[in-house]
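User: Could you take me through this structure? I would like to discuss strand pairing and then a pocket.
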Amino acid sequence: MNACFRLLLACAGLLGLTACSDPQQENTIRQWGFIYCGQDTPWTFNPQLTDGGHTADSLAAQIFDRLLQLDPISHLPQPALASSWTVSEDGLEYTFTLRQDVRFQRTPDFSPTRRFNAEDVLFSFQRVIDPKHPYHAVSGGHYPWFESQSFHRLIERIKIIDAHHIKFILTRPDNAFLSTIASSYAAIHSAEYADQLLRQGHPDQIDTRPVGTGPFYMDEYQPHDLIRLKRHSYYWRGAPFMGQVVFDISSRGTGTLAKLLNHECDVLSSPVASQLPVIKNDPEFDLIAQNAMNVAFLAINNSIPALQDGRVRQAINLAINRENLLNSVYYGTGTKAKTLLPPMSWAHDKNLPDVRYDPVKAQQFLKEAGYDRNLHLILAVPMEPRPYNPSPRKTAELIQADLRAVGIEVTLLLQDRPLRPGSKAQQSIDLTLTGWVADNGDPDNFLRPLLSCSAKQAGLNVANWCNLQFDNLLELASRTTQLEQRLDYYQYAQEILQDEVPVIPLAHGVHYQIHHQSLQGLHLSPFGTRSFSNVYRSE
């Protein structure tokens with residue numbers, strides 16, 4: 001789609017104009033909206049149904065609010081739709097006071113007759129945890145992030161006290177509970193909208209035509225082309241400055257950089273590292289960076305017979321030249337990962353030894369295991385650049401060369417979209433190049449969704465690894481109120497991962513974003529993209 005046609009779409013959606021050819025009309029578009037590119041086509045607009053990607057990382061902050069939000073500096077939960085909360089002495093009851101001035105979005109499909117209240121909170125979480133809920137099975141009934149946390153086992157009951165107070169009763173103490181409900185996955189939906197769709201016989205539209213309380217509502221979706229969001233004029237924090245945001249989802253890679261340079265888009269998310277020198281010194285664009293809570297890693301499928309041998313996993317680990325990855329893929333912007341937890345995590349075990357590059361030792365392990373020849377593995381490679389891996393294909397090709405050097409032949413399976421969690425196709429893959437962007441600052445948010453036994457059952461644990469000792473450590477860490485004890489549990493868990501090697505941590509990336517210098521108010525968070533409600537044009 002060319003630049004003129006994109007500008008035509010922007011004009012038509014915002015102002016009802018019939019053409020965008022003259023400079024005055026183009027200037028109007030730049031003043032009242034912007035185009036954001038560098039993302040893939042989402043399969044749902046409900047973050048509850050995902051385990052990451054565009055929906056959770058970028059869209060959720062625009063369409064939905066949560067009960068709480070995370071401070072980007074302290075990583076601590078802060079008020080959002082809940083203005084305050086109390087916790088019982090035994091840590092089992094959390095009572096939230098809800099704001100009374102919050103309106104849901106008015107869309108072409110829905111006109112709300114009431115404001116946000118406790119019924120909406122109950123609906124949003126009950127759908128996830130109750131298999132008998134009328135919406136639980138809608139859109140597949142799979143909530144991978146919540147399932148990986150065993151959220152349904154954590155919540156004993158959710159009780160409405162009155163319209164503006166709601167209580168969560170837990171089955172056990174959980175130090176990560178507040179951070180969990182502050183994550184982008186814990187989106188609050190409209191119960192009134194859900195009832196309307198159920199009466200109309202179209203409950204699935206709650207996930208394809210979403211309604212939230214966020215700063216923008218979804219106005220238009222053209223798969224593999226664009227997503228248009230428009231201003232929620234009655235947003236409880238104040239109406240956004242911009243009248244619309246258009247997500248260009250039609251291409252990726254160098255194509256998105258060309259669109260930025262040609263002024264077909266205003267913001268480029270997660271540029272490829274090799275693109276940074278092209279743009280860094282251009283006065284027309286600003287480059288912002290955020291040290292992110294993320295990790296790129298190679299998941300080893302522990303259900304494959306050859307990979308069940310710990311010596312083979314160790315051999316793969318020793319064969320990968322991480323310094324080469326940092327220089328050739330991250331261009332010096334990333335840091336070497338020796339554990340899943342990034343250095344900015346308070347539980348990061350800095351005393352763990354660095355993983356060395358030792359192809360000779362790798363060959364020795366393979367020979368001892370009987371796989372020094374004729375070992376052929378398939379490596380799945382999602383192609384979309386992410387903050388933790390700015391060039392997945394190049395990373396995969398370097399790993400392929402490293403493993404070939406020690407006698408392991410690797411076939412790359414390049415994917416425009418990653419395989420669905422828990423699918424048969426995913427479970428048959430030997431290796432998966434993947435990663436994780438944390439949703440909160442708690443160490444549990446890395447370790448439990450990626451490697452717990454519950455995550456394996458949910459399909460989010462692509463390593464298909466389950467270790468009861470590891471799970472017990474996570475459970476103990478979630479229950480204790482002593483921070484020093486929690487730290488000991490998490491560090492012991494990291495030692496198990498380094499010994500067992502179910503996954504191979506590669507690097508921690510920096511989240512970059514490039515935007516036209518006229519845009520102000522764009523910010524990044526360690527946990528993903530923040531709301532665009534305060535973005536405006538300075539010219």
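Analyst: A term is needed to begin: two strands pair if DSSP finds at least two bridges between them. Please note also that this is a predicted model.

User: Fine. How many bridges do β4 and β5 have, and in what sense do they pair?
Analyst: Strand β4 (residues 82-87) and strand β5 (residues 93-98) are antiparallel, with five bridges. Ala82 stands opposite Leu98 in β5.

User: What lies between the two strands?
Analyst: β4 and β5 make a hairpin, and five residues separate them. In the turn, Gly91 has a positive phi of about 75 degrees.

User: And what is the strand order of the sheet?
Analyst: The order is β4-β5-β7-β6 in an open sheet of four strands with antiparallel pairing. β4 and β6 (155-162) are the edge strands, each pairing on one side only. On average, neighbouring strands are turned by 20 degrees against each other, direction ignored. β5 is also joined to β7 (residues 165-170) by five bridges, and Thr95 has Lys167 in β7 as its bridge partner.

User: Which strands does α4 lie across?
Analyst: Helix α4 (residues 118-129) lies across β5, β6 and β7, at about 165 degrees to β6.

User: Changing topic: what is the volume of the second largest pocket, and which residues are closest to its centre?
Analyst: The volume is about 700 Å³. Of the 32 lining residues, Ala61, Arg66, Gln69, Arg530 and Ser531 are the closest to the centre.

User: Which element gives the most to that lining?
Analyst: α3 does, with four residues. The lining of this pocket divides into 12 nonpolar, 13 polar and seven charged residues.

Methods:
Residues numbered from 1 in each chain as written. Predicted model: local features only at pLDDT ≥ 70, side-chain atom pairs only at ≥ 80, totals over all residues. Heavy atoms only, no water. 1 Å grid on protein atoms, 1.4 Å probe; cavity = no way out; pocket = protein on both sides within 12 Å on 5 of 7 lines; lining within 4 Å. Points joined across faces, edges and corners; volume = space filled by probe spheres on them. Nonpolar A, V, L, I, M, F, W, Y, C, P; charged D, E, K, R; others polar. Axes fitted to C-alpha atoms, helices over the stretch in contact; angles between N-to-C directions. Contact = heavy atoms within 4.5 Å.
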